[in-house]
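Let's take a friendly walk through a protein model. Have a look at the sequence and the 3D view before reading on.

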Amino acid sequence: MPAPLNQFASEYYHDVDLRVVQAVPPDALAILDIDCRAGRLGEVLKHMRPERHITGLKLSGTTDEQVATRVDRVLSNKLEADSLPLEAQSFDCIVADDALAHHASPGIVLERLRPLLRRGGRLIASLPNAQHWSVIDGLLRGNLQRSGMPWGPRARASVAAFAIADIVKLFLDAGFLPRIADRRIIPAPPEWMISAQATLARQRLDLSSFTSRLQTCQYIIEA
């Protein structure tokens, strides 16, 4: 199934997810991007408020010099293994844009990030939805490859996949109180939904609420 990237064109600037940008609190000035890649997200956030100080963790890809032209500080640390040279309660906001699903232990990552937030701080995360209709369709066809979920320019093969119940538990276990800030929707073909109704009824699933989950390819979480 081809990736429906054309419908996301207005939601991205370079490789920056503008839905994630909009979820960052406007008054957040000290921000940590836990997988800053080329630093484009920090560049956009600083463009909106030049006084912001952006720290980026660079896990792979571009050189430190490239990233340093767009953010204020660049670190090359592994969240699951390294102790971070960052002070407790030093950030107003932490952004995990398409990052948690690529860590083998996302719960450990969240536990390490939580002490870095100031009182009243926010963590913004985007995560792929394992209950999207395309994933279920792929499983029915015998395709078990999660890499078949290319939603957006930044999408990569995921180590972990999450349904909404998994997401809520993941954040609660790490000491966060999560809420859905936004969703990215890729609707199922009408004929697919018609054929699925009998299965949903058999499993005693509420049609309206589960249809919402089936259409959601990505959750944007504020915690």
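What follows is a short tour, from the whole protein down to a few of its parts.

## Before we start

This is a predicted model, so local features need pLDDT of at least 70 and side-chain atom pairs count only at pLDDT 80 or more, while totals for chains, interfaces and linings use all residues. Residues are numbered from 1 along each chain as its sequence is written, and side-chain values use heavy atoms, with hydrogens and water left out.

## The big picture

The protein has 8 helices and 9 strands. Both come from DSSP runs, numbered from the N terminus: helices are H or I with at least four residues, and strands are E with at least two. Of the 223 residues, 50% are buried. Buried means under 20% relative accessible area, exposed means over 50%, and partly exposed is in between (1.4 Å probe, protein chains only).

Now for contacts, meaning heavy atoms within 4.5 Å. Take those between residues at least 6 apart in sequence: 73% of them join residues at least 24 apart.

## Strands β3 and β4

How many residues of strand β4 are buried? In β4 (residues 53–57), 4 of the 5 are, so the strand is largely enclosed by the rest of the structure. Strand β3 (residues 30–33) runs parallel to β4, and 4 bridges join them. Two strands pair if DSSP finds at least two bridges between them. Ala 30, for instance, has His 53 in β4 as its bridge partner.

## Helix α5

Helix α5 covers residues 133–140, and its buried residues are Trp 133, Ser 134, Val 135, Asp 137 and Gly 138. Their cover includes α7 (190–202) and α8 (207–215). Just after α5 comes Gly 142, with a positive phi of about 85 degrees.

## Aromatic pairs

Searching the whole structure turns up 2 aromatic pairs. One of them is Phe 171 with Phe 176, an edge-to-face pair at 6.1 Å centre to centre and 80 degrees between the planes. Rings of Phe, Tyr and Trp (its six-membered ring) pair if their centres lie within 6.5 Å; planes under 30 degrees apart are stacked, over 60 edge-to-face, and the rest tilted. Are these two residues buried or exposed? Phe 171 is buried at 0% relative accessible area, and Phe 176 is buried at 7%.

## Out in the open

Leu 177 sits in the loop between α6 (164–173) and β8 (179–185). At 68% relative accessibility, Leu 177 counts as exposed.
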